[in-house]
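Good morning, and thank you for coming.

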Amino acid sequence: MSAAETLASSVRKGAPAITLAGVNKWFGALHVLRDINLDVAMGERVVVCGPSGSGKSTLIRCINRLEEHQEGQIVVDGIELSNDLRSLDAIRREVGMVFQSFNLFPHLTILENCTLAPIWVRKMPKKEAEALAMEYLERVRIPEQAAKYPGQLSGGQQQRVAIARALCMKPKIMLFDEPTSALDPEMIKEVLDTMVMLAETGMTMICVTHEMGFARTVADRVVFMDRGEIVEQGVPEELFANPRTDRLKTFLSQILRGH
Amino acid sequence: MSGASTDPRLLRKAPPRPLRISWSDERFRNIVYQVLVVAAVLTLFGWLWSNTRYNLEVRRIATGWGFLSREAGLPIGEHLIDYDPSMSYFRALLVGVLNTLKVAIIGIVLATVLGTLLGVARLSRNWMLAKFAGAYVEIVRDLPLLLQLLFWYSLLQGLPGPRQAFNPVTGVFLSNRGLKLPYIQWEAAHSWALLAFVVGVVITYFYRRAARAKQMRDGQIRPIWPFALAAILGLPLLVWAALGAPFTPDVPELRGFNFRGGLDVSPEFFALLLGLTLYTAGFIAEIVRAGILAVSQGQWEAAQALGLPRGRVMNLIVLPQAMRVIIPPMTSQFLNITKNSSLAVAIGYQDIVSIANTTLNQTGQAIEGIAIIMLVYLTISLSISLFMNWYNKRIALVER
């Protein structure tokens with residue numbers, strides 16, 4: 001398999017968590033993912049970066065099938081993504097996702113946001129689900145907000161609730177889709193701190209982000225995408241210090257100028 | 001990011017702002033404006049009142065409610081309660097109110113069902129269905145209701161007579177005498193079965209609540225529909241069977257120039273109901289569509305990413321949020337159906353306006369007649385508003 005060869009430089013921590021082989025996707029005539037080969041091992045932390053419109057978000061949205069790919073193979077936790085709804089539900093139970101715009105449920109309290117999926121998907125008794133939710137709300141350091149509604153919280157708090165909500169399903173893999181892009185600078189730090197803490201627990205993570213500091217601290221590997229392709233990937237220090245392609249050089253110079 | 005203990009200084013309330021007697025104080029200015037407006041309104045009403053009394057006196061018109069107990073002598077074709085022309089005006093007006101309520105309530109139910117289906121259809125991925133719903137909404141919304149009522153009424157009037165009536169299914173006849181439907185001879189057993197049906201609906205509601213509470217305790221998700229089926233359909237059937245299962249069909253039959261037996265829907269009522277339902281369904285369709293679209297795609301995605309199946313996403317996430325957008329304009333549409341039913345006058349359905357109008361002409365009690373019409377619509381409309389506002393408040397979104 002050619003996907004395995006591209007991984008030669010990356011750190012292997014365990015069994016494969018996610019395998020993408022020859023994945024292609026089009027939006028109408030627009031070819032948004034071109035021949036993507038990517039392996040992520042259990043416990044690995046991968047940061048995906050690249051200019052806007054490069055297909056990073058589409059890539060991770062394909063992993064839990066919020067987007068459908070048209071060609072190639074995606075295997076998550078040993079289950080291949082297909083049109084079979086049962087396998088899709090099984091994958092979504094094991095893969096948590098955090099969105100750029102939080103997407104909390106505004107008609108439910110913070111606690112209810114967190115217990116909804118454990119109750120309805122994991123079939124957990126309410127008391128147990130609430131205890132679990134409080135545990136994770138404490139871990140993201142906002143247990144005192146449990147009875148409030150999302151509209152009453154700041155952006156940073158909402159995003160931390162969104163992380164807790166995903167963790168309540170005890171996923172094996174977490175996907176982050178630009179989790180800090182919609183936040184004020186002062187709130188970015190509290191969310192990143194939460195993500196670093198999560199990384200330290202050994203969670204398998206794929207993060208689409210422009211936060212290069214975060215990539216340096218926690219990522220085992222950085223994947224650089226441009227125009228729907230994976231252009232370069234490697235250990236963060238090396239990738240940032242010695243970019244091999246012009247496209248990555250340009251991207252890095254733009255990102256660094258911005259900071 | 002602050003912890004649980006709050007600085008006591010943060011709990012201090014804003015001090016009350018004293019009122020300054022000065023034109024540059026906004027609050028003072030607002031109070032003055034409000035006093036002036038109230039005074040102007042009171043003066044206007046006072047003038048109208050004295051003017052009316054003066055003119056009534058000059059024309060020697062007696063006012064009062066005495067006429068209500070006099071014999072009406074006015075024939076009414078359709079009545080839900082016992083009525084003949086020898087009864088009082090009060091009784092006649094009551095028949096009118098019930099006729100208005102009949103068309104309004106059935107219209108509201110049908111328009112809501114049809115409108116919701118059309119609204120969802122317009123969002124369908126099926127091209128044909130979406131375009132059909134779109135075309136329907138555009139045509140129905142853009143033509144005046146009165147025109148549509150006249151159209152349906154003339155269409156029904158233009159149907160062939162009873163002898164050549166359309167007979168699509170055995171027992172169903174559509175002619176210029178209206179719609180005839182098969183019915184059964186109503187017996188006590190049927191009333192008991194109907195009661196059992198209502199009981200079935202009520203206990204299904206409580207069963208659902210109990211099942212939900214039990215789920216919250218042990219986590220098991222229990223399907224409701226087997227119980228609902230047994231309670232809502234099974235129980236009435238059982239009661240009916242236990243009471244000897246009486247069933248005497250009452251099928252309309254052509255006798256001479258008209259039909260005998262069966263359930264009778266007059267062309268006037270049918271045209272009015274058809275017009276009101278089809279017209280209002282167009283508006284309700286748009287309201288439902290807007291409500292569903294108002295829930296962002298992100299809500300679907302977040303719920304699906306958590307592993308919730310589509311049906312649960314709809315019930316637990318999308319509908320509760322869509323309802324908040326749907327309820328207030330829906331209330332307006334319910335009020336519209338009720339008030340638009342007064343166009344019944346144009347096609348000869350005897351609703352409250354039609355009967356109050358005749359009363360007014362026969363007795364000359366114009367002010368009382370108009371007052372009765374206004375009172376009836378106000379009462380119905382305020383009842384609908386109160387109920388819908390209560391419901392809306394119950395599901396309101398908390399922000400800040």
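Predicted model: local features only at pLDDT ≥ 70, side-chain atom pairs only at ≥ 80, totals over all residues.

Residues are numbered from 1 along each chain as its sequence is written, chains are lettered from A and ligands numbered from 1 in written order, and side-chain values use heavy atoms, without hydrogens or water.

Chain A contains 10 helices and 10 strands, which are DSSP runs (H or I, at least four residues, for helices; E, at least two, for strands), numbered from the N terminus. Its radius of gyration is 18 Å, close to the 18 Å of the globule rule for 259 residues, so chain A is as compact as a globular protein of that length. The radius is taken over C-alpha atoms, and the rule is 2.2 Å times the number of residues to the power 0.38. Along the principal axes, the C-alpha trace of chain A spans about 50 × 45 × 35 Å.

Of the 259 residues in chain A, 59% are buried, meaning under 20% relative accessible area with a 1.4 Å probe, protein chains only.

Which residues touch the most other members of the largest nonpolar core? They are L137(A), M174(A) and M205(A), in a core of 163 residues. Such a core is a set of buried Ala, Val, Leu, Ile, Met, Phe, Trp, Tyr and Cys residues joined through side-chain atoms within 4.5 Å. Helix α7 of chain B (residues 267-294) supplies the largest share of this core, 14 residues.

Methods: Buried < 20%, exposed > 50% of the residue type's maximum accessible area, 1.4 Å probe, protein only.
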